[in-house]
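Trainee: Could we go through this one together? I would like to learn how to read a model like this step by step.

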Amino acid sequence: MTQPTGLTVVVDNQPVPLDECGWIQRRPCGCIVAALVAVSGNRVVATAQQAHEHLNKGKRERAAAEREGITVATTELITMTHYREHIGAKWECERHQPSVQA
Ligand SMILES: [Zn+2]
């Protein structure tokens, strides 16, 4: 058990504890490439910049991601509830979703 951070963020105009949030990073098309819980133990990721740096460690990796259009601007804060209800295993955008075989 870890102590809640007590930090509050606003997601979709609702104040929520940062501890109940996560970051997702998308490609320009909308596919999710990475997800990260905002708070884990002593690690607190409170800004999109921090999330981007955590998910793309090192300048070179970050530069490579940015060349693909994966940037701070495509890094979003979402609630874990939103993740469970709307994302879950569906990381691909509509264009890249595997088509259902009849
Ligand atoms: Zn896509």
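Trainee: To begin with, is Cys-29 buried, partly exposed or exposed?

Mentor: Keep in mind that this is a predicted model. In it, Cys-29 is partly exposed, with a relative accessible area of 27%, whereas Cys-93 is buried at 10%.

Trainee: And which atoms coordinate the zinc ion?

Mentor: The zinc ion is held by the SG atoms of Cys-29, Cys-31 and Cys-93 together with ND1 of His-96, at distances of 1.9 to 2.3 Å.

Trainee: What geometry does the site of the zinc ion have?

Mentor: The site is tetrahedral, and the angles among its four donor atoms run from 102 to 115 degrees. As a reference, the ideal angle for four tetrahedral donors is 109.5 degrees.

Trainee: How are the donor residues spaced in sequence?

Mentor: The spacing reads C-x1-C-x61-C-x2-H. Cys-29 sits in the loop between strand E3 (21-26) and strand E4 (32-37), while Cys-93 belongs to the segment after helix H3 (80-87), so this pair ties together parts that lie 64 residues apart in sequence.

Trainee: Changing topic, where does Arg-27 lie, and what does Arg-27 touch?

Mentor: Arg-27 is in the loop between E3 and E4, and it is partly exposed, with a relative accessible area of 31%. Not counting residues up to four places away in sequence, Arg-27 touches Val-33, Glu-68 and Ile-70, and its side chain makes a polar contact of 2.5 Å with that of Glu-68.

Trainee: What about Arg-62, is it buried or exposed?

Mentor: Arg-62, which lies in helix H2 (residues 59-67), is buried and yet has no salt bridge.

Trainee: Which backbone oxygen lies 3.2 Å from a polar atom of the Arg-62 side chain?

Mentor: That is the backbone oxygen of Asn-56. Leaving aside neighbours within four places in sequence, Arg-62 is in contact with His-52, Glu-53, Asn-56 and Lys-57.

Trainee: Stepping back, how many helices and strands does the protein have?

Mentor: There are three helices and seven strands, and along the sequence they follow the pattern β-β-β-β-β-β-α-α-β-α. The C-alpha trace spans about 45 × 35 × 25 Å along its principal axes, and buried residues make up 32% of the 102 residues.

Methods
Residues are numbered from 1 along each chain as its sequence is written. This is a predicted model: local features need pLDDT of at least 70, side-chain atom pairs count only at pLDDT 80 or more; totals for chains, interfaces and linings use all residues. Side-chain values use heavy atoms; hydrogens and water are left out. Donors are N, O and S atoms within 2.8 Å of the metal (3.2 Å for Na, K and Ca); water is not among the atoms, so sites may look incomplete. Four donors count as tetrahedral if all angles lie between 85 and 135 degrees; four count as square planar and six as octahedral if opposite donors are over 155 degrees apart and all others between 65 and 115; anything else is irregular. Helices (H or I, at least four residues) and strands (E, at least two) are DSSP runs, numbered from the N terminus. Buried means under 20% relative accessible area, exposed over 50%, partly exposed in between (1.4 Å probe, protein chains only). Lys and Arg count as positive and Asp and Glu as negative; His and the chain ends are not counted. A salt bridge is a side-chain nitrogen of Lys or Arg within 4 Å of a carboxyl oxygen of Asp or Glu. A polar contact is a pair of N or O atoms within 3.5 Å; within protein, one must be able to donate a hydrogen and the other to accept it, and residues adjacent in sequence count only if both atoms are side-chain atoms. Contact means heavy atoms within 4.5 Å.
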